[in-house]
Amino acid sequence: MDLYEHQARELLQENGVLVPRAEVVDTAEAARAAAERLGGRVVIKAQVKTGGRGKAGGVKLADDPAAAEQTARRILGMDIKGHTVHRVMVAEPVEVEREMYLGFTLDRAAGRFAAIASAEGGMEIEEVAARRPEAVARIAIDPAEGVTEAKAAEIAVAGGLPRETAGTIRRVWTVLTAHDALLVEVNPLVVTRDGAIVALDGKVTLDDNARFRQPSWDDSGDRARDPLEARAEAAGLGYVKLDGQVGVIGNGAGLVMSTLDVVAGCGARPADFLDIGGGASAQVMADGLSLVLDDPEVRSVLVNVFGGITACDAVADGIVRALDTVPLTKPLVVRLDGNNAARGRAILGQLAHPLVHQADTMDGAAARAAELAA
């Protein structure tokens, strides 16, 4: 579960990390009032769960309350990579002397966490790593030991951060462990002109599997997922909203991941990850298809199913059932293989819907879906 920036900021502040004063508002008039309370000159930041806000025009400096109101009015309602801006954060500006990067993430391959640190902050860490890989340090964290004073100093030195950041490094680690996070990122972590170490932006991804021991998540309201993700969770579907135009549905995480790669290889961008599971019923298929079709960013849908426990005729029945209640206004490409595939293809053939296309292979289905989404 990804948090909005202002929610990540709250967790950082609760654990002793310095952050600028800020307020979250949902109207331009409220942004003006917040700017007046914060001293006049403020930064207006779109609150959406995606990167690239600055490049998209979602982060702007306003010199006074009147400018804050005008800027907020322009940003509210903006579309940033498929995410509509419903709220903005009005933040106190900071005099920055130096920008850095600090993050902790789960290293699944190694079975432990890793610290990532760089003296170059304020941009995508992937860009820094691609341009100057030696500028990004990656330090393994022993989960039994955690981030001690010595480990924090090691991370600071390896990443080229001032030794004074060691205390902040330990506090950011506490955010990850105390709140069952899979990722905590501060970018940029800055040194201000008066020598303070301040987190200007934060990103936190919580581990949904830990929800049972984090009761506050259910009471936080704002910390809910994207509306489509919340709807998927209620239906028991494994769904993640992405920023492309081809909706992807498959049975099994491995198959869905492969399908995302093939779609990307065809020059299109997947709009979601939706795993209906290995034993999905016709109702689950119907629920999943309805969900993806309701995404306004989706231009075509690809259903890629290899029948095993889930028989292909049950998948086809689910598609037919969904189309009984959800008008199909976008092309739907279906690839069925495995258990009862011939029967499933026959069911879709009898449907004879002009927007339903069938393909024999995953590559062919992905290419067709990408073509239809173009």
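Colleague: How many helices and strands are there in the chain?
Modeller: Keep in mind that this is a predicted model. Both kinds of element occur in the chain, and the count comes to 13 helices and 18 strands.

Colleague: What radius of gyration does the chain have, and what does the globule rule give for 374 residues?
Modeller: The rule gives 21 Å for 374 residues, and the value for the chain is close to that, so the chain is as compact as a globular protein of that length. Along its principal axes, the C-alpha trace spans about 70 × 50 × 40 Å. The radius of gyration itself is 23 Å, against 21 Å from the rule.

Colleague: What percentage of the residues in the chain is buried?
Modeller: A residue counts as buried when its relative accessible area is under 20%. The chain still exposes about 16,500 Å², with carbon and sulfur atoms supplying 49% of that area. Of the 374 residues, the buried share is 52%.

Colleague: Where in the chain is confidence lowest?
Modeller: Overall, the mean pLDDT is 91, and 97% of the residues reach 70 or more. Helix α3 (residues 65-75) has the highest confidence, at 98. Over residues 219-224 pLDDT stays under 50, and where pLDDT is low, the predicted coordinates should not be read in detail. Among the elements, the lowest mean is 60, in helix α7 (residues 216-219).

Colleague: Is helix α1 (residues 5-14) mostly covered or mostly uncovered?
Modeller: Its buried residues are Glu5, His6, Gln7, Ala8, Arg9, Leu11 and Leu12. After the helix comes Gly16, with a positive phi near 90°. With seven of its 10 residues buried, α1 is mostly covered.

Colleague: How many Å apart in space are Leu161 and Val172, C-alpha to C-alpha?
Modeller: In sequence, these two residues are 11 apart. In space, the C-alpha to C-alpha distance is 14 Å.

Colleague: What is phi of Asp180 near?
Modeller: Most residues other than glycine have a negative phi. Asp180 is not a glycine, yet its phi is positive. You will find Asp180 in the loop between α6 and β10, where it counts as buried at 14% relative accessibility. Its phi is near 55°.

Colleague: And Asn340, is that residue buried, partly exposed or exposed?
Modeller: Asn340 also has a positive phi, near 60°, and its place is the loop between β17 (332-338) and α12 (341-351). The middle class runs between the 20% and 50% cut-offs. At 28% relative accessibility, Asn340 counts as partly exposed.

Technical notes: Residues numbered from 1 in each chain as written. Predicted model: local features only at pLDDT ≥ 70, side-chain atom pairs only at ≥ 80, totals over all residues. Heavy atoms only, no water. Helix = DSSP H or I, 4+ residues; strand = E, 2+ residues; numbered from the N terminus. Rg over C-alpha atoms; globule rule 2.2 N^0.38 Å. Buried < 20%, exposed > 50% of the residue type's maximum accessible area, 1.4 Å probe, protein only. Areas by Shrake-Rupley, 256 points an atom, 1.4 Å probe, with all protein chains shown as cover. pLDDT = per-residue confidence, 0-100. Contact = heavy atoms within 4.5 Å.
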